[in-house]
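Student: I would like to learn how to read aromatic contacts in a model. Please take me through one case.

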Amino acid sequence: MAELESLETAAEHERILREIESTDTACIGPTLRSVYDGEEHSRFMEKLEARIRNHDREIEKMCNFHYQGFVDSITELLKVRGEAQKLKNQVTDTNRKLQNEGKELIIAMEELKQCRLQQRNISATVDKLTLCLPVLEMYSKLREQMKSKRHYPALKTLEHLEHTYLPQVSHYRFCKIMVDNIPKLREEIKEVSMSDLKDFLESIRKHSDKIGETAMKQAGQQRNLDNIVSQHPRISGGKKSKKEVCASSDLEVKNTSPMSEQDSGILDVEDEDEDEEVPGAQDLVDFSPVYRCLHIYSVLGARETFENYYRKQRRKQARLVLQPPSNMHETLDGYRKYFNQIVGFFVVEDHILHTTQGLVNRAYIDELWEMALSKTIAALRTHSSYCSDPSLVLDLKNLIVLFADTLQGYGFPVNQLFDMLLEIQDQYSETLLKKWTGVFRNILDSDNYSPIPVTDEEVYKKIVGQFPFQDAELEKQPFPKKFPFSEFVPKVYNQIKEFIYACLKFSEDLHLSSTEVDDMIRKSTNLLLTRTLSNCLQNVIKRKNVGLTELVQIIINTTHLEKSCKFLEEFITNITNVLPETVHTTKLYGTTTFKDARHAAEEEIYTNLNQKIDQFLQLADYDWMAMEPGSRASDYLVDLIGFLRSTFAVFTHLPGDVDVHSTMSGKVAQTACMSACKHLSTSLMQLLLEAEVRQLTLGALQQFNLDVEECERKMQS
């Protein structure tokens, strides 16, 4: 058993030795470990020593076998060594010579290397500069455009710089600085363009009256042209309507480039002569700041912000424009300037509406116009109420019509303005009535209440031409002769016609029908007759110092004026072309007015006579206790009868035609006589019935009877 184990150990040691001999020394660790893990390492060491000795003997044998060759090799090697030393010396000498000779070459090569490096750097620099120069040029161009206030081209340049040029050289530091400055440049362009817009808004605010004045002047010329064309249709060829003129003007402005370099809001225009054509309102305004700013904000994506700002500012300006000055009612220039500013504002807005897409829209314009219309009408109602001069009211009406026609030409509804003019017409009528009150008062106060004397045919025809009077008997009479009426008759008649003309002037250009004009004139004329003229006549009749002769002349005058009413009817019919027979035609009430005045004059005559009778009766001094009557009538009664006879003689000796004479001597004299007699009889009866008369004598009654008989006798004669 022990022998078997010994054999196995020996075989294992043999295997390990072979493995050590055949294995790399770096990998024998596990093999040696297996030896030390066993218990026979001493025996393995013995075997290892034995194996080493075997190998040493083999090496020694081999060395002995090759020793002579080794010696020969050493001998040859020593020879080679000598030759190698010589060769080394030659190589060293050659190297020294080569080094000495190559120093200049090395220097030249270094210089060449540096030149090649510089050349490469220059080439790279040129390439980089080729990329950078366009960027710098574009940036310089951008700065130049901004300096010259060409903001829209500057914005386009900025877009090209940002999206086309800078991405190619984005790794350079100066490009990064440019990129960082781009938002600031955009903001600067926005601010500068907004500043230009503010200047434009301020400029058109200051010059709105000039724009409006030009537009209204153009509308006035167009209206005059239309009137000429309507009267002479054949000359209308080749004339442009206002719409065509505005359209052509709008087209010219539409073709204006938004990149125009002019930033002024209002162009300077010299005053043209009357013969020269008035420029269009748009020709006075340079809208390029608005277009540029709109394009700039659109490109920057802030169009809505710009639209809101523009509309907000224009609304503020509209409120300022629509606020009338406190003294506007004092002169027509105040109204004209107010209207010019409003027209100028809406001419600009209408032009902006048609030359931009969406900056303002129709709803916005309509909203502004509704506000303007309400405020304008309210202001006109307030300020026109202060006007007491009919000429100013008429001029204001013409100015309002021109104002309405101008804005209507731009498409704005103006019906409310014409409705308001009908309200002003009532005020105009009131101012006319006040004016004519003074006119009639002056005529009546300055009249001498005597028949008009004429000395020749020329004066006669002149008066007949002023007043519709025909009398065959008077025409046959030789000169000098007299008209039955005084001077106030033709004067009043002509002033009534002047009043009708004044009313007709107000109705012009109000787009009223002939029937409406006729109705307006007739109503105003009726007010003139029934209120103004009637009051003036009544005041004259009621004056304390008016005499019976003047009252009789007033009766004659009013009679002739009453007859002239039919001629006034014809006069109104001729100027309105509306026949009196037309349905709803208002009739003139002049006949009633003059009849009332005549009746008032007659009553005044009767009243004055009765007052005179009372004054004479106050002189009566009867002795109711007298025993014997007097030999004749009382002195007061004789004087009273003499006064009445002279008064009635005035009635019967009035000059004039047969009709008037018979009327006065018949109706007025007869009625006056009857009224006087009745009043006298009543007063005499009152004398007898007074409470103070307690007893009467027969002599007193006989004297009273004598006075009554005297009255009967004189009145009958």
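**Aromatic contacts**

Tutor: Y460, F467, F469, F479, F483, F485 and Y493 make up one aromatic cluster. This is a predicted model, in which local features need pLDDT of at least 70 and side-chain atom pairs pLDDT 80 or more, while totals for chains, interfaces and linings use all residues. Residues are numbered from 1 along each chain as its sequence is written, and side-chain values use heavy atoms, without hydrogens and water.

Student: How is a pair of aromatic rings described?

Tutor: By the distance of the centres and the angle of the planes. Rings of Phe, Tyr and Trp (its six-membered ring) pair if their centres lie within 6.5 Å; planes under 30 degrees apart are stacked, over 60 edge-to-face, the rest tilted. The structure holds 22 such pairs. F467 and F485 are edge-to-face, because their centres are 5.2 Å apart and their planes at 65°.

Student: Are F467 and F485 buried or exposed?

Tutor: Buried means under 20% relative accessible area, exposed over 50%, and partly exposed in between (1.4 Å probe, protein chains only). Both F467 and F485 are buried.

Student: What kind of pair do Y501 and F571 form?

Tutor: An edge-to-face one, with 5.2 Å centre to centre and 85° between the planes. Y501 is partly exposed at 36% relative accessible area, whereas F571, at 12%, counts as buried.

Student: Which charged end sits over the ring of F571?

Tutor: A charge sits over a ring if NZ of Lys or CZ of Arg is within 6 Å of the ring centre and within 35 degrees of the ring normal. For F571 the charged end is that of K497, 5.1 Å from the ring centre. Likewise, K481 has its charged end over the ring of F479, 4.4 Å from the centre.
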